[in-house]
Amino acid sequence: MKAKEIIIDRNLCKGCSICIHVCPKKTLGISEDINEYGLFYPKVEDLASCIVCRLCELYCPDFAIEVVQE
Amino acid sequence: MITSRYIKENYVRRLPSAFCPGCGDGQILNAIIRAIDHLKIDRKDVAAVSGIGCSAWIPSPYLRVDSLHTTHGRPIAFATGLKVANPRLKVIVVSGDGDATGIGGNHLLHAARSNVGITVIMVNNGLYAMTGGQVAPTTPHEAKTTTTPYGNPAFSLDVSRVVAAAGASYVARWTTWHMNQLIRSIEKAIMKKGFSFIEVLSQCPTYEGRMLNMDHIQMLEWFKNKFREDADGIYKIGEFVDIEKPELTEELEKMIERVKK
Amino acid sequence: MISPGEYFVEGDLAAAYGAIKAGCLFFAGYPITPASEITQAMAELLPRVGGKFLQMEDEIASISAIIGASWAGLKSMTATSGPGFSLMQENIGYAAMTETPIVIIDVQRAGPAIGQASRPAQGDIMQSRFGSHGDYETIVLSPNSVQEMFDLTIKAFNLAETYRVPVIVLSDAEVGHMMERLIVPENVEIVNRRIAKSLQETTIYDESLVSPMGRFGDGLELMITGSTHRPDGTRDTGTPEVQESLVKRLVNKIEKNRERIENWEEMYTDDADILVISHGASSRPSKGAVIRARKEGIKAGFLRPKVLWPSPEKRMKELESNVKKVILPEMSLRGYKMEVERIFRGKLLHMPKVGGVVPTVEEILKKIREASL
Ligand code: SF4
Ligand code: SF4
Ligand code: SF4
């Protein structure tokens, strides 16, 4: 399975980086940007590596990340 | 496949939540929603009851079902009345360790004893978080909290073991690292006829983190490595009780049928 | 069940009959003297009408359970006495805040603390109104006979359902344990709450400031909380106006409707110089003493609030200009004194009796004679 897009809702994301931590493929990384709460939200480092396991969605405490399947 | 979008559209009243960044409470909300969705039960047949504390906010205001946000320590007693009055309802109590075992410990014992068919999900972060990180019945011996600045002189309670001894039909302990097991466990608990209890060790980066000197990622790692089905004491996770036995509301209904004749 | 006719029963049992007649289908309680007989009677009666009875682990659990059951749509009640009533106070405030109709019978005994468990007293009057923290109002009824234990318990349910408030039947060990004739009439007026069909409906207040009540399980996605909340249930503890309009409405629900709720009995008040105000068990010898005083040619009158809160304020104010003295015999050092003194000020001769015994006709008559000199 391949991901078409990984959407991070910057209004919901609290920058806890749990998604980055649980991703088995290191698809995600920390962005250098901060959102409106002043938090570092995740960014997609390598979309092609994503296997759409949705562990990031399962562990995100804030429903802030969504993987769109190809 | 359950996606974040699907959850937000169908099960959550509003976001962002008031929980601190990295708090496990959001994960537990996520797990409860997934369990309800997997079971395909109508949301109108689910009622959530909670007391006071950070975890009391998991159902109220976030979970889109009828919710009763009650006084500190009493959600189990409110839930018992609700369940007995309308046995059709799947009543889920979400309670913190302080709420369920400190101020409300008596109600927990008696709900387990009477085997009333409600589900209690106890979020255990080892202290009172909402009020500022004070010592709780679940705080380890010698741990420093805001009211045990020189270390906790008392000892902690193994809540799951107590609830099992009190007569619950289902008892399990998981952590927020064990999301899939937790979701399956919540499904079983909701469908269990009698009293079901799930203890979830959850990271509170703000206060528990300070007590343990860990951030939330370290805590999740600690849950993953230290909490195992073959471990001992509080570190032992898994299903501890899974039995069938007569349940309170059913017994009451049977008695009414008998007496009415 | 409880067919019309004549019975000879004790007050506590009459209250249970009244509850069943009113349509009560849920009772949760904890044993306590002198209210246990109500709890026992409900345990026996409820299953026979398809209702649910639970003996809980304590009084806090009992009131919690009846609030839960009320949200499931059932008329719900508990019964207790002083120590248990004290334990229930927090959740009485919760019921007021969440506008949950419930009935609580407090069969008063002498306190403070454990006091005299089986002796009557009237020391819970202020507590029944102000026992929980913050600003709220309840309705408190005061039966003085076995018949009224029945009648006023039904009335308590009707008022609770009408105004969506906790209603307290403030009885005492004397009335609760006395045996008397009870007439169960053919027709009893029963009020049922208005059930909301949508969440929207729960936010629309009628001229009494009451809105239809939601019911769990109907799919309204109710959000009920004891925290400060908007009309639709959304918690909002930061906006001053939200707290202000909510709390004002909770109080005004009773205040603005008080003339419809107030209820009292009076006798010989037209030309009375000396007014005897009394409630509950002590009103019985009080009334007797007034009748005897009249026979002696003393212009004595009698006023008995059947609803203690809201008090018969307007009627008392009307009488204030005509009467010279007011006697308040009651089984408490405080009891109803502050309320009566507020209106009659220097004219009040308080007559507390606190041994756990009801004042006698002789004692009250003596006080009336003294006042008439
Ligand atoms: S887990 Fe969720 S809230 Fe945390 S950084 Fe990732 S997207 Fe943001
Ligand atoms: S779906 Fe799986 S692989 Fe893809 S980003 Fe999320 S956790 Fe990583
Ligand atoms: S204080 Fe702790 S438990 Fe409460 S929301 Fe913050 S992290 Fe979660």
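Analyst: What follows is a set of labels, each checked against its rule. This is a predicted model, where local features need pLDDT of at least 70 and side-chain atom pairs count only at pLDDT 80 or more, while totals for chains, interfaces and linings use all residues. Residues are numbered from 1 along each chain as its sequence is written, chains are lettered from A and ligands numbered from 1 in the order written, and side-chain values use heavy atoms, without hydrogens and water.

User: What makes B:Arg43 and C:Glu221 a salt bridge?

Analyst: The rule wants a side-chain nitrogen of Lys or Arg within 4 Å of a carboxyl oxygen of Asp or Glu. For B:Arg43 and C:Glu221, the N to O distance is 2.6 Å, so the pair passes the 4 Å rule. The count between chain B and chain C is three salt bridges.

User: And why does B:Arg5 with A:Glu66 get that name?

Analyst: Their closest N and O atoms are 3.4 Å apart, so this pair also falls within the 4 Å limit. Across the interface of chain A and chain B, the rule finds one salt bridge.

User: How do you know how much area chain B and chain C bury?

Analyst: Buried area is the accessible area (1.4 Å probe) that two parts lose on being put together, summed over both. For chain B and chain C that comes to about 3,100 Å², 61% of it on carbon and sulfur atoms. On the chain B side, B:Asp66, B:His69 and B:Phe78 lose the most area to chain C, together 18% of what that side buries. Chain A and chain B bury about 2,200 Å² between them.

User: Why are strand 2 of chain B and strand 10 of chain C said to pair?

Analyst: Strands here are DSSP runs of E, at least two residues long, and two of them pair if DSSP finds at least two bridges between them. Strand 2 of chain B and strand 10 (residues 223–225) of chain C have three bridges, so they qualify, and they run parallel. Within this pairing, B:His69 stands opposite C:Thr225.

Terms used. Helices (H or I, at least four residues) and strands (E, at least two) are DSSP runs, numbered from the N terminus.
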